[in-house]
Amino acid sequence: MASAFVAREAKTPAPILGIRARVARVWDLRHHLPAFFGLLVLASVAVVAIAAPLIAPHDPFVQALDRRLAAPLWAGGSFEHPLGTDQLGRDVLSRLIFGARVSLVIGITAVLIAGAVGVAIGVVAGFYGGFIDEALMRLADLRLALPFILLVIVIITVFGPSLTNIVIVLGLTGWVSYARVVRAEVLSVREREFVTAARAVGANDFRLMFRHILPNTIASAVVIASLELANMILTESSLSFLGLGVQPPTPSWGNMLGESRNYIVSNFWLATLPGIAIAVTAISINLVGDWLRDVLDPHLRT
């Protein structure tokens, strides 16, 4: 009878504690208006990025030097270029719309790479402990000892600026937060009864880690990913501003800032508009991240 109970326990997937309550709280935004605002902004940015070729009024690459530095609509400009044109006569609104696509693609892809690497390292380190844990955590300490932005700049300088290189570098240098948090969760979860039961009926290490333990730690990784997305977008913008990120003429909010720094006094909107886009997007992501932390972290539930 006892062996049958153990076998039944082992076959049961690792329980996600309070999953129904968490799902209910995810959809209940009545008491968290900042998160609702953040989600609304992010949904709008995502729609704009996906539908950029359909909604952009002009080709973001086409230059018209006879219309360079045209004023935006509120400063006496025309409806043809409601946000004006840049120093090469390119439509600012169209470049902002296509810049949203670049920023989101880089941010989301880099977060996915960093999350996959960090979660895998955290699960392995926490599950095995001992020498493996010590080696992986010392590697994490070494990475933390190096300033993130400085490390990224050095690597990009060596391998050259390109969209692919930026994504890979940001992804492979941003794994530490995931690894350390997931490792701490695994150290606790691996001692629980359902893991012991699964081990007793012959579950191998891979099944124990990724079938029984990982589902109970993934919520923390989701929260970290939501907060790291803003960091990745800001880092990409910083690199593009310095000329080490997305290269012209590809529109990016960061390189729009970099190209307009010589016109910040005479044509301030060229730098202000992409700056506002970056700031609003990053703030919205952080608002959503704070809300997800409240929803998914069992220690914060009342």
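Modeller: Ground rule before we start: buried means under 20% relative accessible area, exposed over 50%, and partly exposed is in between (1.4 Å probe, protein chains only). This is a predicted model, so local features need pLDDT of at least 70 and side-chain atom pairs pLDDT 80 or more, while totals for chains, interfaces and linings use all residues. Residues are numbered from 1 along each chain as its sequence is written, and side-chain values use heavy atoms, with hydrogens and water left out.

Biologist: Fine. What does the secondary structure come to?

Modeller: The protein has 14 helices and zero strands, taking DSSP runs numbered from the N terminus (helices H or I, at least four residues; strands E, at least two).

Biologist: And how much of the protein is buried?

Modeller: Of the 302 residues, 44% are buried.

Biologist: Let's do charges. How many salt bridges?

Modeller: The count is 10 salt bridges, each a Lys or Arg side-chain nitrogen within 4 Å of an Asp or Glu carboxyl oxygen. One of them pairs Arg67 with Glu80, with the closest N and O atoms 2.6 Å apart. Arg67 and Glu80 both sit in the loop between helix 4 (52-55) and helix 5, 13 residues apart.

Biologist: What does Glu259 pair with?

Modeller: Glu259 meets Arg90 in a salt bridge at 3.3 Å, N to O. Glu259 lies in helix 13 and Arg90 in the loop between helix 4 and helix 5, so this pair ties together parts 169 residues apart in sequence. Both Glu259 and Arg90 are buried. Glu259 also forms a salt bridge with Arg95, where the closest N and O atoms are 4.0 Å apart. That pair links helix 5, which holds Arg95, to Glu259 in helix 13, 164 residues away.

Biologist: Why does Arg95 count as buried?

Modeller: Because its relative accessibility is 1%.

Biologist: Which residues end up in one network?

Modeller: Asp86, Arg90, Arg95 and Glu259, joined by salt bridges that share partners.

Biologist: Switching topic: how many cavities of 30 Å³ or more?

Modeller: One cavity. Here a cavity is a set of points on a 1 Å grid over the protein atoms alone where a 1.4 Å probe fits but cannot get out, and lining residues have an atom within 4 Å of a point. The largest cavity holds about 70 Å³, where volume is the space filled by probe spheres set on the points, joined across faces, edges and corners.

Biologist: What lines the largest cavity?

Modeller: Asp86, Gln87, Arg90, Val92, Arg95, Met256, Glu259, Ser260 and Leu270. Helix 5 (92-128) and helix 13 (253-260) are the elements giving two or more residues, and helix 13 gives the most, with three.

Biologist: How do the lining residues divide by type?

Modeller: Three are nonpolar, two polar and four charged. The network residues Asp86, Arg90, Arg95 and Glu259 are among the lining.

Biologist: Last one: which residues form the nonpolar surface patch?

Modeller: Ile149, Leu150, Val154, Val158 and Phe159, with about 490 Å² of accessible area together. Patch members have over 30% relative accessible area and no salt bridge, with nonpolar side chains joined within 5 Å and like charges within 9 Å. Val158 is in helix 7 (residues 148-159) and is exposed, with a relative accessible area of 60%.

Definitions and conventions: Areas by Shrake-Rupley, 256 points an atom, 1.4 Å probe, with all protein chains shown as cover. 1 Å grid on protein atoms, 1.4 Å probe; cavity = no way out; pocket = protein on both sides within 12 Å on 5 of 7 lines; lining within 4 Å. Nonpolar A, V, L, I, M, F, W, Y, C, P; charged D, E, K, R; others polar.
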